[in-house]
Amino acid sequence: MSLRLSSLDPNEPRALKAFADCRTCNRRRIRCDRTLPTCKKCALKELTCPGYGLRIQFGQGVASRGKLTGKTLPVLEPAPPPAAVYIKDSPKSLTPGESSDSRDDGLDTSLLGGGEQPIAVPPALRNAFQPSFDETTLHNPFALNLDPSSYALPQYLQDRPVRQLIHYYDHVVATVMPWVDGPENPWRTLMLPLAMHSPSLLLAVLALAAEHYSTRSGSSWPGIEGFVSRDYRDKSLELLAKDLGKEVTEHASVARHARASGILATILVLCNLEMIRCDSATWRVHWKAARTITRRWTSPHLASTVLDDTCRFLVKEAFVYDVFGSSTTFDDDDQIPGSVLVEQDAHVFTDWLQLVQEVTYAERRRHREAPHIQAQPDLANMQALQRRFDYARNRSLEFSKSLDFGTPGFHSDFAVLVDIFHYAGLAYSFQALLDPQEFAPAIDTCISGVITKIAEIQNKEAYQHDLVWPLFVVGTQSRLNKNTQAFADAKLLEVMKSTGFSNCYPALEFLRRFWKCDPSIAGDWMQFARQESSRGLSFLVI
């Protein structure tokens with residue numbers, strides 16, 4: 001028994017790179033994720049992962065010539081041939097998070113032809129070298145697990161990747177869309193059935209799921225032939241434009257609720273799609289569209305029109321988006337008024353959202369018209385603001401009693417979340433409407449309350465996505481406190497990593513610039529944000 005020899009020097013860089021991957025992935029010509037103790041790609045295919053590093057192979061006989069004649073020495077087995085590439089039928093559209101690394105794609109046909117031009121590889125063969133998505137790894141107890149084949153969808157929306165992306169949205173993406181996930185999550189129970197009857201919405205959902213997966217995994221959605229996130233998005237926008245054309249040229253009527261719901265739902269999903277990436281400013285376009293549709297469907301001449309549950313949910317979600325978006329943008333005063341919500345819409349955080357929108361509107365109006373004018377009486381002093389925020393907190397706590405959380409312990413955490421937004425709302429309002437210097441101690445108390453309450457949340461993963469705005473408020477009041485700066489910075493990064501949405505990274509960069517800014521140049525964060533907005537720098541905190 002002897003040990004076979006390799007002609008490749010293990011000290012060469014390409015040798016080290018080859019040995020870093022597992023042999024199974026090398027044979028399959030795919031990128032190995034090098035997860036310990038074994039790679040996930042082998043596990044997903046139920047293949048035996050041989051591990052990493054140098055491998056010694058036993059073989060019969062000894063060397064018959066050369067320096068090693070008659071020797072039996074431990075040596076390295078041959079390195080695999082270089083990973084191959086192929087010429088695609090059409091250019092591959094890349095979105096952030098997707099890779100064009102040839103190791104993922106297939107064979108280097110020049111190896112077969114002695115340097116001749118590579119030939120196109122059939123789609124079926126390409127897919128054979130790509131990892132597959134294992135649906136069995138997702139186990140959300142609240143998922144609907146819809147079967148798209150039971151719906152009359154267009155032919156191009158009936159392939160396997162569509163079903164898998166819907167499954168991924170159902171189990172993963174929908175989890176971070178409401179305040180907290182549960183069996184009554186409308187981003188699942190209302191949006192998915194609606195998407196089965198609205199191609200533009202379904203395409204937007206597919207784009208959102210593919211982009212989210214790409215961001216979280218660092219690679220494109222496996223097995224998609226021809227369509228990637230950007231393609232789904234562009235097709236959704238094409239259909240949305242046609243629906244919007246009909247919407248603005250026809251008279252509003254109850255009979256068109258389904259199409260109106262599909263339009264607003266598509267816009268909201270596209271807003272969330274753009275929030276996954278930190279380098280996209282397209283959210284402003286979708287945001288303005290959401291404002292237009294919301295105002296159209298809540299305008300006075302439609303006061304007698306009763307919107308169905310789906311329309312009402314979408315109007316509420318558009319308002320939520322607008323409240324948080326308006327609080328950090330200073331070049332647009334066209335906020336959706338709180339009056340779009342009626343008493344039947346009252347639920348957790350409804351009163352809080354309406355109050356924060358009032359505060360934002362009052363601050364913008366005072367800055368635009370007369371910096372020294374008094375706000376309306378119920379917003380004019382600290383005691384009045386505290387009374388209104390106390391009322392909003394009590395209403396949210398009362399409504400939360402009727403929520404079906406589906407998981408023990410989530411209710412107590414939700415009560416903590418209500419307190420977090422209570423303190424953050426007070427700090428924001430004191431800064432916006434009162435003298436920040438005079439009320440600095442009260443603001444500091446509120447910031448301490450936010451930080452203390454965040455630490456009390458037990459099921460942190462379930463509520464991470466809710467903490468972006470409160471953490472931003474903490475950051476705006478941390479200019480002279482290195483500890484709270486570090487807290488806000490670390491927590492915002494943690495939230496982005498947990499949720500897969502990186503839209504608040506520009507907000508974090510804004511905070512870092514604000515912390516370094518000379519107070520004589522900008523006295524507070526709102527003044528600094530206005531200065532930056534005048535230079536075209538804007539960000540969204542949702």
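Trainee: Is Cys32 buried or exposed?
Mentor: This is a predicted model. Cys32 has a relative accessible area of 5%. Buried means under 20%. Cys32 therefore counts as buried.

Trainee: How many disulfides does the model hold?
Mentor: A disulfide is a covalent bond between the sulfur atoms of two cysteines. The rule here asks for sulfur atoms within 2.5 Å. By this rule, the number of disulfides is zero.

Trainee: For Cys32, how far away is the nearest cysteine sulfur?
Mentor: Cys32 is in no disulfide. The cut-off is 2.5 Å.

Trainee: What is the relative accessible area of Cys504?
Mentor: Buried means under 20%. Cys504 is buried. Its relative accessible area is 2%.

Trainee: What span should helix 13 have, at 1.5 Å a residue?
Mentor: Helix 13 covers residues 309–327, which makes 19 residues. The expected span is 1.5 Å times one less than the number of residues. The end C-alpha atoms agree with that span. The value is 27 Å.

Trainee: How many residues of helix 13 are buried?
Mentor: Helix 13 is mostly covered. Of its 19 residues, the number buried is 16.

Trainee: At the start of helix 13, which residue's backbone nitrogen does a side-chain oxygen of Asp308 reach?
Mentor: The oxygen comes to within 3.2 Å of that nitrogen. A polar contact needs N or O atoms within 3.5 Å. The nitrogen belongs to Thr310.

Trainee: Helix 19 and helix 21 pack together. Are they roughly parallel or roughly antiparallel?
Mentor: Helix 19 spans residues 468–476, and helix 21 spans residues 505–516. Their axes lie 10 Å apart, at an angle of about 10°. Angles under 35 degrees count as roughly parallel. So helix 19 and helix 21 are roughly parallel.

Trainee: Which residues of helix 19 meet helix 21?
Mentor: On the helix 21 side are Ala507, Phe510, Leu511, Phe514 and Trp515. On the helix 19 side are Phe472, Gly475 and Thr476.

Trainee: Which side chain does that of Gln477 join in a polar contact of 3.3 Å?
Mentor: Gln477 sits in the loop between helix 19 and helix 20. Gln477 is buried, at 19% relative accessible area. The polar contact joins its side chain to that of Thr476.

Trainee: Where is Gln431 found?
Mentor: Gln431 is buried, with a relative accessible area of 7%. Among the residues Gln431 touches are Pro436, Gln477 and Asp524. Gln431 is found in helix 16.

How values were computed
Residues numbered from 1 in each chain as written. Predicted model: local features only at pLDDT ≥ 70, side-chain atom pairs only at ≥ 80, totals over all residues. Heavy atoms only, no water. Buried < 20%, exposed > 50% of the residue type's maximum accessible area, 1.4 Å probe, protein only. Helix = DSSP H or I, 4+ residues; strand = E, 2+ residues; numbered from the N terminus. Polar contact = N/O pair within 3.5 Å; in protein donor to acceptor, adjacent residues only side chain to side chain. Axes fitted to C-alpha atoms, helices over the stretch in contact; angles between N-to-C directions. Parallel < 35°, antiparallel > 145°, perpendicular 65-115°, else oblique. Contact = heavy atoms within 4.5 Å. Lists of a residue's contacts leave out its neighbours within four places in sequence.
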